[in-house]
Amino acid sequence: MNDLVIPGLILSVLALAVMAAGLLRSRRTRRALRQRQVHGIQLIRLQKRLMGQIQEHRGLVSVLLNGNPGKHAEVVAKQVAIQQTFRVLKQHDDEALATTARMRRICDYWEDIESQLAALTAPESFDRHSALIRQILFLIGDTADHSRLHELSSLELPLTALWSDLPATAEAIGQARAVGAGVAAAEHCDSVARIKLRYLHQRVEEALRSLEAQPALIGAAANTCPSKIELLLTELEQHLLLPSRPTITAEHYYKVASEAMGAVYGVFEQASERLEKQLLSRAA
Amino acid sequence: MTAPTRHSLLSGRTGGRLIHLIGITAALAALSHVPSWSSQPSVFNLAGLTLGLFAWGLCLLLARQLTRQQDHLLRGLEQWRQGDHQVRITPDGLAEYTLLTTRLNDHFRENLRRTDTAEQATHEVAHAAGELQGRAGRVADIAREQHASATATAAAIEQMSTSIAEIAQQGSDARERANIALAAADQGTALVGATSAGLEELARSSDQISNTLEQLTQQSRAISQITEVIKGVSEQTNLLALNASIEAARAGVYGRGFAVVADEVRHLSHGVAGSAADIASTLREVSLAIATSVEQTTVLREQARQGVSHAQGANAALEDIQHQTRQTLASVAQIAVATEQQGAASQEIAQHITQVADHARTQSSMADDTAGVAAHLAQLAQRMQATGHHAQP
């Protein structure tokens with residue numbers, strides 16, 4: 001009988017070692033996942049910054065191509081800032097996130113715009129910028145998926161809205177700003193512009209209802225963000241869509257739209273910061 | 001269908017069952033050592049039992065992991081099938097499953113984006129259809145208004161053509177009356193000319209009469225002078241007769257006959273003086289009459305001259321009337337020509353307006369058709385929207 005004690009002990013230790021290794025591996029896997037998720041959120045915030053810069057570039061170029069050469073210096077400065085953001089993004093780009101192909105496509109889109117800027121018409125510039133921003137929205141979604149942010153279901157934030165709905169809403173407001181400002185400046189709304197504005201009005205209105213149904217996402221901006229979006233929708237409908245001729249100045253409309261877009265981005269920044277802090281505290 | 005690979009044997013419930021079976025076999029093999037323990041268990045028995053149980057445990061874990069991964073996959077696919085296009089499958093387990101899960105998630109994501117893009121396009125088509133419907137309706141309204149305006153214009157043109165014909169007829173009448181007026185003006189000019197000549201002749205005659213009266217006046221003066229002489233002679237004769245009477249009276253009887261003669265001479269001189277006075281009175285009346293005649297002749301002459309002047313003025317006016325009438329005739333002729341041209345043009349316009357009205361009617365009909373097509377497009381778009389909301393993969 002004494003001959004069985006040592007082998008039994010050895011076998012027990014082996015079993016415990018295997019269990020401990022399993023636990024360690026599981027813990028390491030969870031930590032790697034958290035780090036991946038944190039990295040993903042940081043990348044998404046960088047991508048959102050890029051998107052905002054491209055939107056501003058779109059607006060500046062629109063003014064430039066519509067006959068205001070005084071904006072040329074601002075356009076060049078914005079291009080420099082965008083290139084800096086691209087460099088930072090490329091440094092943080094993670095092969096594991098499998099977003100390299102889309103990132104390359106985005107860089108190609110940007111180089112195409114930058115090189116042909118002088119030869120573009122205002123509508124062509126708008127379409128190309130919007131296509132580039134659309135790719136950035138897809139990139140944000142790809143990054144969120146590959147970072148497995150959808151597994152953060154235990155946190156109280158509606159995460160799909162964070163990286164999908166909020167940036168898309170901001171872009172819809174951005175397009176409404178560009179098209180509406182052009183209509184207000186021209187003091188005429190043709191059928192095509194009216195169609196676009198009605199469609200964008202519908203999209204922004206749906207996004208507003210979705211935001212109002214998610215108070216956890218809006219957080220501290222519950223009193224300001226919806227009201228600013230509501231104001232934009234009202235101005236758009238009352239002064240651009242309903243009258244036979246626009247009854248609002250381009251400057252005032254642009255200001256209202258910019259405030260609405262800023263409010264949406266503000267919600268995004270607050271929510272993503274909150275989420276990142278929660279993840280970092282859990283990872284620790 | 002592809003040939004099963006080495007990895008596919010480990011996948012699915014079949015793989016899990018197989019692994020479980022291996023584990024059970026290992027456990028049974030281990031337990032088969034137990035009967036031999038009744039006497040004295042050896043190290044090999046214990047090792048075999050432990051390893052068997054350990055293997056069974058591992059196989060159980062592996063089988064459970066495979067089953068769980070498969071359940072995740074099946075659950076995700078079922079959710080996708082039921083319309084949850086935002087579903088994501090958690091990669092957990094073997095690397096092959098992780099790769100499959102990642103690819104499935106990528107597919108779900110891209111499919112969702114395509115669906116969203118289609119839905120957005122559908123929304124925009126719906127708005128475009130609505131705008132098209134509104135515009136088509138407006139075009140139809142405008143076409144109807146255009147048709148009504150064209151019809152009214154055609155009627156107005158028709159009335160204008162009728163008016164133009166009446167104007168042409170009145171122009172022709174005016175031309176005839178102008179011709180008559182011109183003839184009358186010519187006749188009047190001739191009459192005025194004759195009157196003017198007569199008045200000039202009258203003026204000349206008045207001058208002659210005036211000259212004659214002037215001569216009579218001078219002769220009257222001469223006669224008056226002679227009468228004065230006669231009166232003087234008569235007075236002297238009367239004085240002489242008186243003296244003779246006185247002398248005759250002085251002469252007494254011898255002077256009675258002389259006194260009678262002297263009386264007779266005095267009576268004669270009184271008679272001559274009276275006759276001379278009558279002659280003077282008559283001359284004065286004649287002179288007065290002559291003066292009156294001269295005045296009247298002067299007035300007559302002046303009136304004749306004024307008459308000549310008026311006749312000349314009337315002649316000038318008649319000539320002006322003739323000139324204006326000729327010009328009026330020329331204008332009337334031009335109006336007649338223009339009226340004829342306008343009549344032809346208005347008829348042509350009326351024909352064109354009628355064509356426009358026909359085209360407007362056709363356009364209105366086509367616009368109604370377009371509005372119908374746009375309404376149908378709007379319905380199709382709404383149907384697409386509804387389909388997009390409930391899209392099944």
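## Two loop residues in chain A

A:Arg148 sits in the loop that joins H4 to helix H5 (159-186) of chain A. Its phi is positive, about 60°, although A:Arg148 is not a glycine. This is a predicted model, so read that angle as a computed value, and note that local features are reported at pLDDT of at least 70.

A second residue of this kind is A:Glu187. Its phi is positive at about 55°, and A:Glu187 is not a glycine either. A:Glu187 belongs to the loop between H5 and H6 of chain A.

## The interface of chains A and B

How many residues of each chain are in contact? Chain A puts 27 residues in contact with 27 residues of chain B. The size of an interface is often given as the accessible area lost when the parts come together. Here, chain A and chain B bury about 2,300 Å² between them. Carbon and sulfur atoms hold 57% of that area.

The rule finds nine residue pairs in polar contact across this interface, with both residues at pLDDT 80 or more. H6(A) supplies the largest share, eight residues. By type, the residues on this side of chain A are nine nonpolar, seven polar and 11 charged.

## Salt bridges

Side chains of opposite charge can pair when their charged atoms come close. Over all chains, a search of the whole structure finds 30 salt bridges. Across the interface of chain A and chain B, the rule finds six. A:Arg102 forms a salt bridge with B:Glu110. The closest N and O atoms of that pair are 3.2 Å apart.

Within chain A, the side chains of A:Arg45 and A:Glu273 also meet in a salt bridge, at 3.5 Å from N to O. This pair links distant parts of the chain, 228 residues apart. A:Arg45 is in helix H1 of chain A, and A:Glu273 is in helix H9 (residues 250-283) of chain A.

## A nonpolar surface patch

Which residues make the nonpolar surface patch? A:Val18, B:Phe54, B:Leu58 and B:Leu61 make it, with an area of about 350 Å².

Helix H2 (residues 43-81) of chain B gives the most to the patch, with three residues. B:Phe54 is found in this helix.

Definitions and conventions
Residues numbered from 1 in each chain as written. Chains lettered and ligands numbered in written order. Heavy atoms only, no water. Contact = heavy atoms within 4.5 Å. Buried area = accessible area lost by both parts, 1.4 Å probe. Salt bridge = Lys/Arg side-chain N within 4 Å of Asp/Glu carboxyl O. Polar contact = N/O pair within 3.5 Å; in protein donor to acceptor, adjacent residues only side chain to side chain. Helix = DSSP H or I, 4+ residues; strand = E, 2+ residues; numbered from the N terminus. Nonpolar A, V, L, I, M, F, W, Y, C, P; charged D, E, K, R; others polar. Patch = residues over 30% accessible without salt bridge, like charges linked within 9 Å, V, L, I, M, F, W, Y side chains within 5 Å. Areas by Shrake-Rupley, 256 points an atom, 1.4 Å probe, with all protein chains shown as cover.
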